Amino acid sequence: MKLKAPDRITFSHFGFCPGCGHGVAGRLIAEVAEEMGVADKLLTAVDVACGSMHMNDWHFDTVMAAHGRTLVTAIGLKKTRRDNPVLAYYGDGAAYAIGMAETMHAGLRNENVIAIVVNNAIFGMTGGQMAPTSLPGQKTTSSPLGKDAVRFGQPFKVEEAFSGFDIPYLARGALVGAANVNRAKKMIKKAFEKHLDNQGLCYVELLSPCPTNWNLEPLDSKRFLLEEMTKHFPLGEFKGGDAK
Amino acid sequence: MSERVLMKGNEALAEAALRAGCRFFAGYPITPQTEILEYLSWRMDEVGGSYTQAESELAAVNMVYGASSGGARALTTSSGPGFSLKQEGISYLCGADLPAVIVNVMRIGSGLGNIFQGQGDYWQMTRGGGHGDYRTIVLAPNSAQENADLMVLAFDLAEKYRHPVLIASDAAIGQSIEAVELPEFRDHDLNKYDWPVRGAKADEPIRTVKNVFYSMGDAYEDYLRDKYAQIEAEEQRWESIQVEDAELVLVAFGISSRVCEEAVEGARAKGLKVGLIRPITLWPFPVKAFEKAVNAKAFLTNEMNLLGQTMDDIRLATGCRVPVYHSGSIFAITDTNDLIVRIEEVMEEVKGGGQ
């Protein structure tokens, strides 16, 4: 068993909480970029929230975008640096709350970037508020009695919203457990392959634990993710499948 | 050789952007700016650039942020309500030291207002319309020709200072068809500077575009103060007409300045000592121009807003030594003859003891 971090992870700074999935996602992206031989050219755009901390541990040229504008920032960058693969990395708050318009229209126009959305069903950076992805009954700092899904809606499912869009790849993975992590890596790889083939928007949502803001121990977080989150957010490929 | 053509002001601005090396545009339709978007929707392809009709002004300006991060000469344009939506992006461009050009083809009113020419966005444009501690260079053309000329200058200044530059055009300039000498085509190299992202080998240092504050820490304050001080010292631009002996100096930018030029002629023909200062940079405000107005007993602005938005800057530039009067309407460009009547009124009032 090989236990070596990818060269493109620097370890100079690492700001994620114990049990968080961001570190795993960052590693998978670095591994895929290296294995596919595009690490020298990869450009990334990160949101201002937790995911932006990859700026400090990734050895990639990176742009930090405004909250929820990561995807359109990446689109502008890709249209300028057409020979570079461009990856947008951001969370569910950015994707499905403040950046919902950007998310939907990138899908509608089938924009030629990789989107990696880390979904932890909560606003992490601001301390655990309810998100459009929060589960019914989920306790957060802005829904202390549990999310009332009648008032605030069911968790947002991108695969349903994108059902009519002609995009090359849409998948959801999970960042807990070796089998899921391996599967998530294959999804990311598939997204890279199709992106390098200029097929359009390659979209991977990754379910991540957020032990700090869920107020759960890491192992309980893993359980919550696999037993509760996946009821609302099924894992798998929804468009352009057969990731091997 | 430069071409001389008959063009709408909006189209002259769009064509000049391409000739200045702009190869990225993202925008959203709004009157009276829309011809810029329409023109670039077909013309950008011809020069091999990227055109996007975005889902909103917010998306458009943030696409510009991304394009600029990659080293592009990037443009977005809007008007009034849409320009307000650009403010998030402009603030972020400033925070990340990114050049870009953002055009506001001004219309009247707060809220929806209306699509007629206006100059009510002066405060928003010159004070930094978004959150935080910033201002931007603001260039104010008064013709289709200057729409073209100042577009080229805007990209040069944006790059020089790594800072967004705004252009304050308006519906009258944008919609009028005038003769324009278009600038020559210039190439722009994405790698002209070292800072744009382009990809890093494992043994190379990476480039990150982000809050400059993050990377600079304590040195950021001095850096910012110096940057703004340099712009104020070096970038003031204006046109002066018969200012030195003038007892009344008109102050007007954009389309209003052309009425004022006529009014100066008309007033002089009546024996009135009247001059004109036309700010071309709204920020930095051309304070230096006012040093020559040594005989001025008063200043009279003409601007298409009700609150006399340039008056404060004139008072600051002149140390409140003489009174500042306002003229102008949001419903029309002032008629030259009406302005001359107002000039006579003000001169009479000043003679009688002033404001």
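User: Which strand of chain B is the place of Ser50(B)?

Analyst: Ser50(B) lies in strand 3 (residues 50-53) of chain B. A strand here is a DSSP run of E with at least two residues, a helix is a run of H or I with at least four, and both are numbered from the N terminus. This is a predicted model, where local features need pLDDT of at least 70, side-chain atom pairs count only at pLDDT 80 or more, and totals for chains, interfaces and linings use all residues. Residues are numbered from 1 along each chain as its sequence is written, chains are lettered from A and ligands numbered from 1 in the order in which they are written, and side-chain values use heavy atoms, leaving out hydrogens and water.

User: Why does Ser50(B) count as buried?

Analyst: Buried means under 20% relative accessible area, exposed means over 50%, and partly exposed is in between (1.4 Å probe, protein chains only). Ser50(B) has 7% relative accessibility, so it counts as buried.

User: Which residues is Ser50(B) in contact with?

Analyst: Contact means heavy atoms within 4.5 Å. Leaving aside neighbours within four places in sequence, the contacts of Ser50(B) include Lys79(A) and Arg82(A), as well as Phe24(B) and Met44(B).

User: What makes Ala106(A) count as buried?

Analyst: Ala106(A) sits in helix 5 (residues 100-109) of chain A. Its relative accessibility is 0%, so Ala106(A) counts as buried. Not counting residues up to four places away in sequence, Ala106(A) touches Leu71(A), Ile75(A), Glu111(A) and Leu201(A). Ala106(A) and Leu201(A) are 95 residues apart along the chain, with 7.3 Å between their C-alpha atoms.

User: Why is chain B called as compact as a globular protein of its length?

Analyst: Let's start with its parts: chain B has 14 helices and 16 strands. The radius of gyration is taken over C-alpha atoms, and the globule rule is 2.2 Å times the number of residues to the power 0.38. For 355 residues the rule gives 20 Å, and chain B has 21 Å, which is close, so chain B is as compact as a globular protein of that length. Of those 355 residues, 59% count as buried.

User: What makes strand 10 of chain B an edge strand?

Analyst: Two strands pair if DSSP finds at least two bridges between them. Eight strands form an open sheet with mixed pairing, in the order 7(A)-5(A)-6(A)-4(A)-3(A)-1(A)-2(A)-10(B). Strand 10 (208-209) of chain B pairs on one side only, as does strand 7 (236-239) of chain A, and these are the edge strands.

User: How many bridges join strand 4 of chain A to strand 6 of chain A?

Analyst: Six bridges join strand 4 (residues 114-119) to strand 6 (residues 202-207), both of chain A, and the two run parallel. Ala115(A), for one, has Tyr203(A) in strand 6 of chain A as its bridge partner.
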